[in-house]
Structure formats: C-alpha cells, structure tokens
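Me: I would like to learn how to read a helix and one of its residues. Please take me through an example.

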Amino acid sequence: MQVNTDTLIACQLCDTLVNIPQISSGEKAICPCCQSVLYVPKKHSLERTQAISLAGLLLLLPATQLPLMGIYAAGKYHQTSLLECITLLTNNGFYLIAFCVLIFTIVVPAVRLFTAFYLTYCLQRNINKPFLMVFFRSYHLLDNWAMIHVFFLGVIVSLYKLVDIADVAIGAGIASLVMLLMCSTMLSVCIDYRYLWTELERSHE
C-alpha cells in the first residue's frame, strides 16, 4: 500500500505516525493511540505572523537606541541604551559578553523577525523563490536563540538591586523592549509551521 508521506505526522508523545486528513479551521487532529493533539490549524496565521513580525521590526530601533534606565548618584545622572551597554562592555574589555549581547539580543531577533516577515510576504503574494525553504530552516534554527527575555530579566534584576543605592529612572527604551518581547512571544504563538511548510512545498512543485 502506497503511503502519502506529505500528510504523515509523528505524535510527540508516543511516536506514532499518523496520516492526517485535510483539517479545517476549528478542527484538530488527534493521535489514535494516546489521544494527544497532533495539529491544530491557526486562524489567519499568515496575516498575524506578518503583522507581528513587522511590528517587531519597527520596535527594534527604539528598543536598542532609547535609554533603558537612568541612574542619579553622587551628583551625576547617567542613562544608557542597549547599544551603549554593548559599547561600554567592549570599551571595558568584556569582548565576549558584548558579542553575546549583540548576537542574542539584537542580531538573532532581527534576523528571526525579518525571516518571518519575508516568508509570509512572499507566500501571500505567491512569490516563488528557491531560497525561501532555506529562510524557513534558518528561522527554525534561530527560534531558540533569541534571548530578549533573558536580557529583560537581567534589566529587571539590575533595577531591583540599584534602587537601594541610587535614584533610578526607567527610560523609554524599557517600554519598547517590553513590546518587542511581546512581539517575539506572539510570533512563536501565531506562526503555523505545518501550514508554512505545506505552502512552501506547494510553491516549489
């Protein structure tokens, strides 16, 4: 018996291979062995992914350029942004830390957002390019390396510790960073991997 491998999906709990049928919005595929949910189509996945990734890209500039916090101590006031943090780390010889902060809080999130936006843009307009599959594989690779939430947690801890020894002011960059973090999280929620793979494979046939 010939099996259509395009519709096969492996259950993440019991590893059963299931040939799932065409699923409409509001339905879901259930594993016949362990009854776990295999796949749930997401409504308006392309439109939502494109809108969220575009919003994230627009927030990158204020999140990196605007001051995150300001400190008033010993008669002096100093405020710094994310990019200035990286510059200060570099000037003080912490090259590896500066490199990691640059890569995991700016470069990887920017590439991830741009990849999601460009993929959905091309699929919506039926633009068929051979490197779109490479783009989507790179998105999978980068999905676990965007560390904005770790950096934001570090900022919160710093604020908590500094507030006892100095006057601390929260900068506008914090609001942009929080919204960027929300966009990054919502992107993971809204993107429909299976639908995107199916559409990319269909466009290359």
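Reply: Thr120 lies in helix H3; helices are DSSP runs of H or I with at least four residues, strands are runs of E with at least two, and both are numbered from the N terminus. This is a predicted model, in which local features need pLDDT of at least 70, side-chain atom pairs count only at pLDDT 80 or more, and totals for chains, interfaces and linings use all residues. Residues are numbered from 1 along each chain as its sequence is written, and side-chain values use heavy atoms, with hydrogens and water left out.

Me: Is Thr120 buried or exposed?

Reply: Buried means under 20% relative accessible area, exposed over 50%, and partly exposed in between (1.4 Å probe, protein chains only). Thr120 is buried, at 1%.

Me: Which residues is Thr120 in contact with, leaving aside its neighbours within four places in sequence?

Reply: Contact means heavy atoms within 4.5 Å. With those neighbours left aside, Thr120 is in contact with Leu46, Thr49 and Gln50. A polar atom of the Thr120 side chain also lies 2.9 Å from the backbone oxygen of Phe117.

Me: What span does H3 reach from its first C-alpha to its last?

Reply: The expected span is 1.5 Å times one less than the number of residues. H3 covers residues 95–124, 30 residues, and reaches 42 Å, close to the expected 44 Å.

Me: Where does H3 bend?

Reply: A bend is the angle between axes fitted to the seven residues ending at a residue and the seven starting there. H3 bends by about 35 degrees at Ile103. After H3 comes Asn126, with a positive phi near 55 degrees.

Terms used:
A polar contact is a pair of N or O atoms within 3.5 Å; within protein, one must be able to donate a hydrogen and the other to accept it, and residues adjacent in sequence count only if both atoms are side-chain atoms.
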